[in-house]
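Colleague: I have a model open and some questions about it. Can you take a look with me?
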Amino acid sequence: MDSRYNHSSVEAKWQKIWEDLRVFRAAGETGRPKRYVLEMFPYPSGRIHMGHVRNYAIGDVVARVFRMRGYDVLHPMGWDAFGLPAENAAIDRGVPPARWTLENIAYMKGQLKKLGLSYDWSREVTTCAPEYYKWNQWFFLKMLDRGLAYKKVSVVNWCPSCETVLANEQVEGGRCWRCDAAVVPKELSQWFFKITAYAEELLADCDRLTGWPERVLTMQRNWIGRSSGVEVRFPLAEPVPGEKEIGIFTTRPDTLYGVTFMSLAPEHPLVEPLIAGLPEAEKVREAAAMMRAEDRIARSAEGGEKHGVFTGRHAVNPLTGRKVPIWVANFVLPEYGTGAIMAVPAHDQRDFEFARKYALPIEVVIGPPGVPLDPKTMAEAYTEPGVLVNSGPFSGVSSQEAKEKISDHVEAKGLGERRVNYRLRDWGISRQRYWGTPIPVVYCEKCGIVPVPEKDLPVLLPEDVSLTGKGASPLAATDAFAAAPCPACGAAARRETDTMDTFVDSSWYFLRYTSPGRDDRPFDSAEAERWMPVDHYIGGIEHAVLHLLYSRFFMKVLRDLGLVSAGEPFESLLTQGMVIKDGAKMSKSKGNVVDPDALIEKYGADTARLFSLFAAPPEKDLDWNDRGVEGAHRFLGRLWRLVSENREWMLKDAGRRPAGDETGDARKLRRSTHAAIKKVTEDFDRGFQLNTAIAALMEHINVLTRFAADSSLGPGSATDVRLSFVEGVETLVVLLSPFAPHISEEVWAELGHATLAAMEPWPAADPGLVRAEDVEIVVQVNGKLRSRLTFPAGTPEASLREAALADPKIRPQIGGRPIRKVIVVPDRLVNVVV
RNA sequence: GCCGAAGUGGUGGAAUUGGUAGACACGCUAGAUUCAGGGUCUAGUGGGCCUCGCGCCUGUGGGGGUUCGAGUCCCCCCUUCGGCACCA
């Protein structure tokens, strides 16, 4: 055994052995309990970054520990391989997207292998492979069949830089989630997945996801945005051909008596019929057009300028008979509720501001009990609960109660119905891009939209496409692809040339891993039953509402298609923090990037893994620090030295364990060993607190190292000391093996073991050994620490009390004052209250 | 504005049920190794006072409170980060 540790040769050696022995294949045995450990698969951008290293190191420890605990572990890896960067590479450098992607995958796979991650590579999944995206198309057809996929013209979020549409979830603060360009509105005909059909269930099931971080659930709940209220129909006051009423949605039916005007979104279909023929029509038309053209962000930002225009028409409040003017207002959103609102300026801040600006009447219908509000002097809307006034038969009723009573009244009179509204919009999946899954439909002049028959799947993405980055979608410009016969009548027709959002790919990949080879169906239901749900899903918080919501939706759709029985894909979720350096997220532009290849080259994969796990708890941001990396590396060096210096004599005792009647040094060594087992095991079970688990291993090695240095440890030492030391070192190696697997295997072998450390059973702590024999009792006077005494564990309260009061350091502190109380916490402290 | 998370030494972070604050690591200081450097090892390291005793005071963003005892529980406030942001 060399006196210095050579990480390069050792790491390569064990990676090959693991691979040759197929150690990490999921067995699929029914006799053992299963664990499905999954990390979010990467986009093959070219190279892995430190965020990946951290993510995959965490997941690998989880997978390895469960394996050692006897579970049949599924721990797969794959590639989220469709996406825009591949097209950009093609445009910038003329490399075909497929080639660029596959080359990146090959390189990154090599990087992951160099990290010693325990993946079952036989299940590798690549989403840009036709064998994979065929099933995206198949799901699309199933959803089309069930009305869960549909096409409509709508105003969409257009990213001018990516030249494609974005789903609502993919717009962050008015900017593209990927390239940060300002998003603009654009009217397009698009395919949608009807995620709103599952809004209620997606919301309700958040309560069942007890293994998820609360903040992610909060974000999902907010995103779904359920609100319940009433839809009320307001008849038009003047005759308008073909129209007779305006439907509005409100969550405040208790304020119905305070309506003083109505506001329509400028996009509302009623605007044109209302104004047609009126003298002010042209003015209103122009104003509405300007509002529609307003910058989307400015229009939806709070504090943004509210403005509007009077249509010249009126509606009638169905409860009071009062005639109120109909306005068009920029702040009314066309896609929420009915795109029209009743305005109650006294009790809604937006309506209040609008009313003040245009001198519209303000009528108070709710007030704090006994304090009349005066509309003339109000500085803002009164939105708190209160008691109804000026509300006909409902005056005097609390606003809380009035909500129900007025809703009942509205329904009874046939004026409207209770309704639930969601902020969640349907998921627009059309992308005007090349490198994605073709949407399997054909447009026929005679037959209309015709789905591609299942037997003709996959609709292959053509490879000989010219990508210029200019003009229309690349597929639309490729006649060989776009021209196709109608599947129904055979006439010349055109294919859909949009591709699917890549989030479709990642919405079910975890199911594909359970049976990646199936070519007759997306996955084998029996295998999915065995492995699903994913027990531990680990990845970045940035997918809190994107990927994680879409996957939940898909799972429910697949359940309703009868393909799976579970309705939730991820039992528990760990959102790991970002990797930070010099106060900022690592990025090329900031020049604070740490390259994993260079790190592995210099220190080895074990060091890279260990530091990623040690520097912070998994869910918190990790501050990268090169000195800290050195520290992790030194720890491994100490292990190596400890073993190499004692190896010779330890070999004779390999695998032997002490008898159990140890005292003195042997007992102390054993206590350290079993305390380490207990701590590492508990930290792992307590939400994967891997940083403190590693600290416990460091404490243990410090005990072993110090002992080896202080005593003349060797073949001549007493048997119980030798065996306790061997137990300490061997246990350390086994406990460390999930964190730093390569050095652990090497040291394990050097200690005379023919087995793999990775396959060793996880050790169990002996509680009798962990318990300390002597404990230090803290003695306090009035809660302040005054003395420390050592006692055997389990000393009775009375003895502790007596000894504390007799303590020479305590007596002067009491100073003859009367003792009011003595609190004794066994094995911990005595507090004398005077 | 609303929702959520957090605030502990020079730094990253521990403290699991209200019971010794600062585990572990980095950094720093001193020493050892025939000491160029590096490596390795040992000791010390929250702040302040000091009669240098294994002494006293103080200390977990700030201010109150509950308690024999609070980093931990309650109330108010401040700061930072993340999400949502005219959703009727």
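Colleague: Which residues are buried in helix 23?
Modeller: Pro741, His742, Ile743, Ser744, Glu745, Glu746, Val747, Trp748 and Glu750 are buried, where buried means under 20% relative accessible area with a 1.4 Å probe, protein chains only. Helices are DSSP runs of H or I, at least four residues, and strands are E runs of at least two, numbered from the N terminus. This is a predicted model, in which local features need pLDDT of at least 70, side-chain atom pairs count only at pLDDT 80 or more, and totals for chains, interfaces and linings use all residues. Residues are numbered from 1 along each chain as its sequence is written, and side-chain values use heavy atoms, without hydrogens and water.
Colleague: What covers the buried residues of helix 23?
Modeller: The cover includes helix 1 (7-21), helix 2 (50-68) and helix 19 (626-652), with contact meaning heavy atoms within 4.5 Å.
Colleague: And just after helix 23, which residue takes a positive phi?
Modeller: Gly752, at about 95°.
Colleague: New topic. Which residues touch the most other members in the largest nonpolar core?
Modeller: Trp427 and Phe739, in a core of 183 residues. A nonpolar core is a set of buried Ala, Val, Leu, Ile, Met, Phe, Trp, Tyr and Cys residues joined through side-chain atoms within 4.5 Å. Helix 2 gives the largest share, eleven residues.
Colleague: Why does this core lie between domain 1 and domain 3?
Modeller: Because domain 1 (135-194 + 426-500) and domain 3 (602-607 + 627-770) both give residues to this core. The domain bounds come from an automatic or database domain assignment.

How values were computed
Chains lettered and ligands numbered in written order. Buried < 20%, exposed > 50% of the residue type's maximum accessible area, 1.4 Å probe, protein only.
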